[in-house]
Amino acid sequence: MANKKSLHIESSGQLCIYCGACVGICPLNCIYLDETRITFDEKVCTRCEICVKACPVGAIEID
Amino acid sequence: MAADLKTDVLVIGGGPAGSMTAKWAAQAGASVLMIEKRQEIGSPVRCGEGMSKDWLHDVGIKPGRWVNLEVEGARIYSPSEKVFEINEKHAGNEVGYVVERVEFDKQLAIDAANAGVEVRLKTAATGILKENGKVVGAKVKQFGTTFDVRAKVTIGADGFESQVGRWAGISTNIAIRDMDTCLQYRMTNVDSDSRYCDFYLGKVAPGGYVWVFPKGDGLANVGIGVQVSQVQSMAEARNYLDAWIAAHPGYAKGKKIDMVGGGVSISAPLKQTVTDGFMLVGDAARMIDPLTGGGIANGCIAGKICGTVAAEAAQTGDTSKAFLDKYEKGWRARLEEKLYRNWLAKEKLTTLSDATFDKIIDALAGVRLEKLNVHNILKAVHEKYPEVTKEFEAFL
Ligand SMILES: Cc1cc2nc3c(=O)[nH]c(=O)nc-3n(C[C@H](O)[C@H](O)[C@H](O)COP(=O)(O)OP(=O)(O)OC[C@H]3O[C@@H](n4cnc5c(N)ncnc54)[C@H](O)[C@@H]3O)c2cc1C
């Protein structure tokens, strides 16, 4: 996709509490949780924004 | 590059479901490796720490120092805070004991280790090994080193994240109306009552509830689950929880000493939980009770069956889906009917208005039910508010 929106997961610890809620709901299974880091597969992610809603603390943003 | 490993049974995830599965498989004579990606079993906690207790004996768990306190029952609060009390025996799978989850999870891992299970921490599965369509183990990373673990039977017990099953080819995807986004504070200096687990329904927590599970001496777990399909903006779980606390002086004066979050599935049971060489158990198999959000009991109950079948499969050498179906049938016989019934009830309850919740709780508060079941509840509501029970005709 040429102009995908950008998705940002704030997992440096300022907002993210590493709970894994985004990982379990991602319909494409493209978010990963290490103990203290969350990453996602930029190429697979379609910016469906479900993880944004599922995050209890608002650590995921799309713009 | 570390040497590859071989085992009869590989359990991925060291939560309650994983430890139970591992223990029962080892007790039945299998060699078992349980891997856990965290550095500490049970921590950080993702749990309100409430559980029923009638199932513990059946699966071989003895109450120990992980029991925090015993409650008499649950109090269900309507939006205008009318209260309905339920005795602990009838109050669902989150009411009975309040526990220390870190201690509980560690005890189950100790029981597994003592039964002969090899436990490896800081060890994450990063993929599944397949040969001719059959799962034959997992790709694993430990302390930065990657290697293969080859197993006769591989078990996904990786909790809500539920990635391992999807790697193995089982869909564990759930709809957003079948998930609660949760946040909880442990608070001190609050007015919780150590005799009850409290649940607050209605718009304070759209599609979910606020819970207060007492830990004694003015300490309590105060948390919230909000149905994801009803979330309107970012950080909604936190915003609703903070608003609820601010509106309740007995809690607003409290102090937060920790914060945990997580996802809870409130879905109907999955269509499939086994495939060739592979089984799913616990939250990974979406076994949480969709009405209460409690998942510890169901994960442990299924874990016992899963471990027993895994050992049998490894010993007979038949690890086909057809053989592992024994587990599928076993856990469904024990849990499925209730899971499905409670999912239907959840589907209904998440659509009710505050006014309807008020009427239901008001009608129930005034009567003493001999036996708590859907029929008796609806009968009591019908006598006071016949218009409300119309919405529930499907349940009669
Ligand atoms: C906020 C909240 C409150 C809750 N309150 C209650 C309650 O009061 N009562 C109740 O009964 N239930 C409650 N639940 C649900 C309960 O916590 C779960 O049902 C229970 O923990 C399920 O156990 P499990 O073993 O299936 O999964 P988990 O306990 O989640 O264990 C899974 C383990 O697998 C590990 N793992 C994940 N991926 C990998 C990988 N790739 N490799 C290696 N290891 C991996 C994880 O680190 C984790 O330790 C709550 C849940 C939440 C989020």
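A salt bridge is taken here as a side-chain nitrogen of Lys or Arg within 4 Å of a carboxyl oxygen of Asp or Glu. By this rule I count 32 salt bridges over all chains.

I note that the model is predicted, so that local features need pLDDT of at least 70 and side-chain atom pairs count only at pLDDT 80 or more, while totals for chains, interfaces and linings use all residues. Residues are numbered from 1 along each chain as its sequence is written, chains are lettered from A and ligands numbered from 1 in the order in which they are written, and side-chain values use heavy atoms, with hydrogens and water left out.

**Entry: one salt bridge**

I looked up Glu100(B) and Arg186(B), whose side chains form a salt bridge at 3.9 Å, N to O. Glu100(B) sits in the loop between strand 7 (97-99) and helix 2 (101-114) of chain B, and Arg186(B) in strand 12 of chain B; the pair is 86 residues apart and links distant parts of the chain. I take helices (H or I, at least four residues) and strands (E, at least two) as DSSP runs, numbered from the N terminus.

**Entry: chains A and B**

With contact meaning heavy atoms within 4.5 Å, I find 31 residues of chain B in contact with 25 residues of chain A. The two chains bury about 2,100 Å² between them, 57% of it on carbon and sulfur atoms; buried area is the accessible area (1.4 Å probe) that two parts lose on being put together, summed over both. In chain B, Gln163(B), Arg166(B) and Met234(B) lose the most area to chain A, together 23% of what that side buries. I searched this interface for salt bridges and the rule finds 0. On the side of chain B that touches chain A, strand 16 of chain B supplies the largest share, 5 residues.

**Entry: the ligand**

I find 37 residues around the ligand (a heavy atom within 4 Å). The closest are Glu36(B), Gly48(B), Gly50(B), Arg101(B) and Asp283(B). A polar side-chain atom of Asp283(B) is 2.6 Å from a ligand oxygen atom. Among the elements giving two or more residues to the shell are helix 1 (16-27) and strand 16 of chain B.

Methods. A polar contact is a pair of N or O atoms within 3.5 Å; within protein, one must be able to donate a hydrogen and the other to accept it, and residues adjacent in sequence count only if both atoms are side-chain atoms.
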